[in-house]
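Hi,

Here is the structure I promised to pass on. Have a look first, and my notes follow below.

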Amino acid sequence: MDWLNTIEDPYLWLGLGLILAAAEMLVPGMFLIWLGGAALITGLLAWALPISLPVQILIFVVLAFLMVFAGRRYIAKNPITEVDPKMNKRGDRMVGEQAVVVQAIAGGTGRVKHGDSEWLARGEDAEEGAKVRITGSDGAILLVEAV
């Protein structure tokens, strides 16, 4: 057990904290950042105070436990909201706008033109050239109704 006394370098904790913080950026999930914070605080304590490795490990475990649960609780109370919830949801952005049928909607499916793009459409039967209102989307298929 003498090897435990030789690994009391606080820079190991600081390095581990930075690695965990970087890993959080690569694999987001709001978990590794709390462990990284616990490692950084443990490293700072080990740097400022003469504490043995078993005590450092105990400090890390306690801090990691507290920070993970406090962080999860904070995120649950303050959820991350999107600035633009329709970003990357092009079909949802078009809801309420009009389109022109370019291939007759027969049997519930056809094609419509909105702006400079043609889309697959699903909705009430409509003749070519008819105007329809976009009511939603199902993946890359626009849901439409007659105007």
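**What I found**

The protein has five helices and five strands, where helices are DSSP runs of H or I with at least four residues, strands are runs of E with at least two, and both are numbered from the N terminus. Starting at the N terminus, the order is α-α-α-α-α-β-β-β-β-β. The radius of gyration is 28 Å, well over the 15 Å that the globule rule gives for 147 residues, so the protein is more spread out than a compact globule (radius taken over C-alpha atoms; the rule is 2.2 Å times the number of residues to the power 0.38). The C-alpha trace spans about 85 × 25 × 25 Å along its principal axes.

Before you read on: this is a predicted model, with local features needing pLDDT of at least 70 and side-chain atom pairs counting only at pLDDT 80 or more, while totals for chains, interfaces and linings use all residues. Numbering starts from 1 along each chain as its sequence is written, and side-chain values use heavy atoms, leaving out hydrogens and water.

Of the 147 residues, 29% are buried (under 20% relative accessible area, 1.4 Å probe, protein chains only). As for contacts (heavy atoms within 4.5 Å), 39% of those between residues at least 6 apart in sequence join residues at least 24 apart.

His114 is buried, at 16% relative accessible area. Leaving aside residues up to four places away in sequence, His114 touches Met94, Glu97, Gln98, Ala99, Trp119 and Ile134.

Cheers

Terms used. Buried means under 20% relative accessible area, exposed over 50%, partly exposed in between (1.4 Å probe, protein chains only).
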